[in-house]
Amino acid sequence: MRSGLWYSKAMAGFLPHLRRRWYALVLLPLTLASDALSVLGAYLISYRLRALAPNTLPDLEVYFTLGAANALSLVGVAWVLGLYRPSKRQSRFDENVTVLVALGLAVALVLVGAFFIRSVSLSRLVIAYTLPLAGVFCVSGRLLLRMVDDWARSNGLGMRRVLILGAGSQACEVGERLAANPNLGFLLAGYLQAPDETPVAGLTLLGAVNDLALVLATRTVDEVWFALGELPRARLAELIAVLHGYPLVQMRLVPGVVELLTTHLVVDSLGGIPLLTLRETPLRRWSNRFLKRTLDILLALLGLVLLGPFLVVIALLVKRSSPGPIFYRQERLSRDGESFFIYKFRTMRMDAEQAGPGWTVPDDQRVTAGGRFLRQTSLDELPQLLNVLLGDMSLVGPRPERPYYVAQFQREVPKYLDRHLVKTGITGWAQIHGLRGDTSIPERIRYDLYYIENWSLLLDLRIVLVTCWQLFRGQYNAY
């Protein structure tokens, strides 16, 4: 009886600790073990496969040692590349690509070291077998651990409870995003209303910001996020002083005025003084623009070569569907407001804009029968590969708009013109999230600016692959 009571008390004390420390106590050790065992197992299986044919392989012990060294090398490289950070979960695509890059670097490092050991001759076939096997094992292991992590999060493990200071529209938006993305690992504990603040209807108010100390003392809170408007400096200092009494509670700031800037903010230190440094967007650097342009040319040429016969079939379909030209040519604006003419397969009647410009809507009567299919599958956009080759557009970027709409949106939507910091694209970050056609312009701008500020070749490749996958599955929202 006493042992059962002791066990219950021990578990009652351990479970909250496990909830807070799920990543450090369980997931991180499992991830480290998975990566290391994947490499070691790949070496041992490769050795056995090579041993099936007549050969003069060194003893298994040699390859076991090599595999162990490669496992440690992978863990070290992956650690440097941030694959064991708990702060945020990468997308599966980004994580898998980074894992494969780390694996390639780790194997290269070990092979360079093994080159100087002249007493042992390694089998090139064993190494050739090991690389793909290790890649499959590493990726599969991490996918399995993601499933374990998702299960744990659904049961409250590893979830950090967030108290939001503020109850206005900004705080409400933060709370909605946390609720919509449980994979981020946060649970909303509630909101505290600031003085002179009108709370959004329906929020879970736990009191006013003056009640911060009481809420921290009576509720489980792991993080406090400041999503306040204008607050006197003295009052803000008092709130921070309260939080200093709870060293395990993480403080975070949700940007307000700072988010009006379109450039990155980098925290520097000058003699211990923290400074916010503005950094230009990545695609303002000529080296990054050169890399992106190279990728555009290669993929556009590949697309035109592979899709050439298909483009001829579509052209015949357009010609038979209604009187008029095969291609549609329209003025659009790209980087720095430069004007160009975009090319598409024609999908509307010739008199479609007699009454002036207008968005395409579901069941739009201006769209031809064949054009409806082309628009729903986005095949009408394929001629824009020519725009990419000509340098008017990129494969990936904010969608180009007509001068008429640009003039309208720049008056109505804050930061709208910031999307013209880069070339426009055939597809983009907003488009793969369903924001195209007659959808929210402010929301689309938010996604466009995220892309501009976080551009990388890896992000471009990810967007291209997701676009192809959505087209294949018929998930590309268009009409």
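Predicted model: local features only at pLDDT ≥ 70, side-chain atom pairs only at ≥ 80, totals over all residues.
An open sheet is formed by five strands in the order 3-2-1-4-5, with parallel pairing. At its edges lie strand 3 (205-208) and strand 5 (250-253), each of which pairs on one side only. Direction ignored, neighbouring strands of the sheet are turned by 25 degrees against each other on average.

Strand 1 (residues 160-165) and strand 2 (residues 186-193) run parallel and are joined by six bridges. In one of these pairings, L163 has G190 in strand 2 as its bridge partner.

## Helices on the sheet

Helix 6 (residues 169-180) lies across strand 1, strand 2 and strand 4 (223-226). The direction of helix 6 is at about 165 degrees to strand 2. Helix 8 (residues 233-244) also packs on the sheet, where it touches strand 1, strand 4 and strand 5. The direction of helix 8 makes about 170 degrees with that of strand 4.

## Packing of helix 9 and helix 14

Two packed helices are described by the angle between their axes and the distance between the axes. For helix 9 (residues 286-321) and helix 14 (residues 457-473), the angle is about 25 degrees and the axes are 10 Å apart. Helix 9 is therefore roughly parallel to helix 14, an assignment that applies to angles under 35 degrees. The crossing of helix 9 past helix 14 is right-handed.

On the helix 9 side, the contact involves L291, K292 and L295, which meet L457, D460 and L461 in helix 14. By class, the residues of this contact comprise four nonpolar, no polar and two charged.

Notes
Residues numbered from 1 in each chain as written. Heavy atoms only, no water. Axes fitted to C-alpha atoms, helices over the stretch in contact; angles between N-to-C directions. Helix = DSSP H or I, 4+ residues; strand = E, 2+ residues; numbered from the N terminus. Parallel < 35°, antiparallel > 145°, perpendicular 65-115°, else oblique. Left-handed = near helix turned anticlockwise from the far one by under 90°. Contact = heavy atoms within 4.5 Å. Nonpolar A, V, L, I, M, F, W, Y, C, P; charged D, E, K, R; others polar. Pairing = 2+ DSSP bridges.
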